Amino acid sequence: MSAPPTAAAHRGLRRFRAPAPPSPERCELCGAELGGRHRHLVDTRNRGLACACPHCALLFERPGAGGGQFRTVPDRFLTDPAHRLDEVVWDRLRIPVGVAFLLDNTALGRVVALYPSPAGATESELDPAAWQAVRDATRLADLLAPDVEALLLHRDDDRTDCHLIPVDLAYELTGRLRLLWRGFDGGAEARAALADFFADVTCRAREPREEARRP
Ligand SMILES: [Zn+2]
Ligand SMILES: [Zn+2]
């Protein structure tokens, strides 16, 4: 057995909260009790997620609030049916599996790709030409908010799907997949979890044009 390919990325990932934190949870900023589903803030300094009450989530939606360390994860889901992410672009990304999240990480100053693997979630730096190819292929790339959103790419046979999703969901899914992933392609359980996830994202996503029309 060889060592996991990117030990540094794994160290970074472990700092994120587990996908199912113990309840009752409290807002990590003001201590208010949280009921069930709640929003998250990205702690850009410590590269982690913090659970937040609605009040704190709203507060930190303002750019620069609290010195900019915490940023509220947006709750929008976007899709781009007109994308041109074909096989050529996909190959340039050098992602060995059929699913990946692209994140604009301001602490690292670059775009990284996060994808499941038999060794756990793996993060790899995207070369600027590959990122440019993604930007040329979908307008979602330029809408991606740094640190708090992820571009979800899914390659299945000869088709690629492309969505923009909240980053906490990306980490939740990679956490869940880490427990389920078997072999090279993930196995039946991981594929079922992915199918559920994509069904949910597809049903919530709308096109950016509709988004722009919203007040
Ligand atoms: Zn709070
Ligand atoms: Zn939480």
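Buried means under 20% relative accessible area, exposed over 50%, and partly exposed in between, with a 1.4 Å probe and protein chains only. This is a predicted model, where local features need pLDDT of at least 70, side-chain atom pairs count only at pLDDT 80 or more, and totals for chains, interfaces and linings use all residues. Residues are numbered from 1 along each chain as its sequence is written, chains are lettered from A and ligands numbered from 1 in the order in which they are written, and side-chain values use heavy atoms, with hydrogens and water left out.

Figure 1. Helices (H or I, at least four residues) and strands (E, at least two) are DSSP runs, numbered from the N terminus. Of the 215 residues, 49% are buried. Contact means heavy atoms within 4.5 Å. Take the contacts between residues at least 6 apart in sequence: 61% of them join residues at least 24 apart. The exposed surface comes to about 11,500 Å², and carbon and sulfur atoms supply 51% of that area. Accessible areas come from the Shrake-Rupley method with a 1.4 Å probe; for residues, only the protein chains shown count as cover.

**Figure 2. Histidine 154 in strand β10.** Histidine 154 counts as buried because its relative accessibility is 16%. Leaving out residues up to four places away in sequence, histidine 154 touches Trp90, Gly98, Val99, Arg159, Thr160, Asp161 and Phe198. Leucine 194 is 40 residues from histidine 154 along the chain, and their C-alpha atoms are separated by 9.6 Å.

**Figure 3. The second largest pocket, with Gly98, His154, Arg155, Arg191 and Leu194 nearest its centre.** On a 1 Å grid over the protein atoms alone, a pocket is an open set of points with protein on both sides within 12 Å along at least five of seven lines; a cavity is a set where a 1.4 Å probe fits but cannot get out; lining residues have an atom within 4 Å of a point. Grid points are joined across faces, edges and corners, and a volume is the space filled by probe spheres set on the points. This pocket holds about 250 Å³ of space. Its lining has 13 residues. By class, 7 are nonpolar, 2 polar and 4 charged. Here Ala, Val, Leu, Ile, Met, Phe, Trp, Tyr, Cys and Pro count as nonpolar, Asp, Glu, Lys and Arg as charged, and the others, Gly among them, as polar. Strand β10 (149-156) and helix α7 (187-204) each supply at least two lining residues. Helix α7 gives the most, with 4.

**Figure 4. The largest nonpolar core, with 54 residues.** A nonpolar core is a set of buried Ala, Val, Leu, Ile, Met, Phe, Trp, Tyr and Cys residues joined through side-chain atoms within 4.5 Å. Phe101, Leu102, Trp131, Val134, Leu151, Ile165 and Phe197 touch the most other members. Helix α6 (residues 167-180) brings the largest share of this core, 7 residues. Phenylalanine 197 touches Phe101, Leu152, Ile165, Leu169 and Leu173, residues up to four places away in sequence not being counted. A second, separate core has 11 residues, including Leu34, Leu41, Cys53 and Phe60.

**Figure 5. Cysteine 162 in strand β11 (residues 159-166).** Cysteine 162 has a relative accessible area of 2%, so this residue is buried. Its contacts, not counting residues up to four places away in sequence, are Leu78, Thr79, Asp80, His83, Leu85, Thr138, Leu140, Leu151, Leu152 and Leu153. Proline 81 is 81 residues away along the chain; the C-alpha atoms of this pair are separated by 7.7 Å.

**Figure 6. The largest cavity, with Val42, Arg47, Asn105, Asp147 and Tyr171 nearest its centre.** There is 1 cavity of 30 Å³ or more. About 150 Å³ of space lies in the largest cavity. Its lining has 15 residues, with 7 nonpolar, 3 polar and 5 charged. Strand β7 has the largest share, 3 residues.

**Figure 7. Positive phi at arginine 94 and aspartate 147.** Most residues other than glycine have a negative phi. Arginine 94 has phi near 55°. Its place is the loop between α3 (87-93) and β7. At 70% relative accessibility, arginine 94 is exposed. Aspartate 147 has phi of about 70°. This residue lies in the loop between α5 (140-143) and β10. Aspartate 147 is buried, at 14% relative accessibility.
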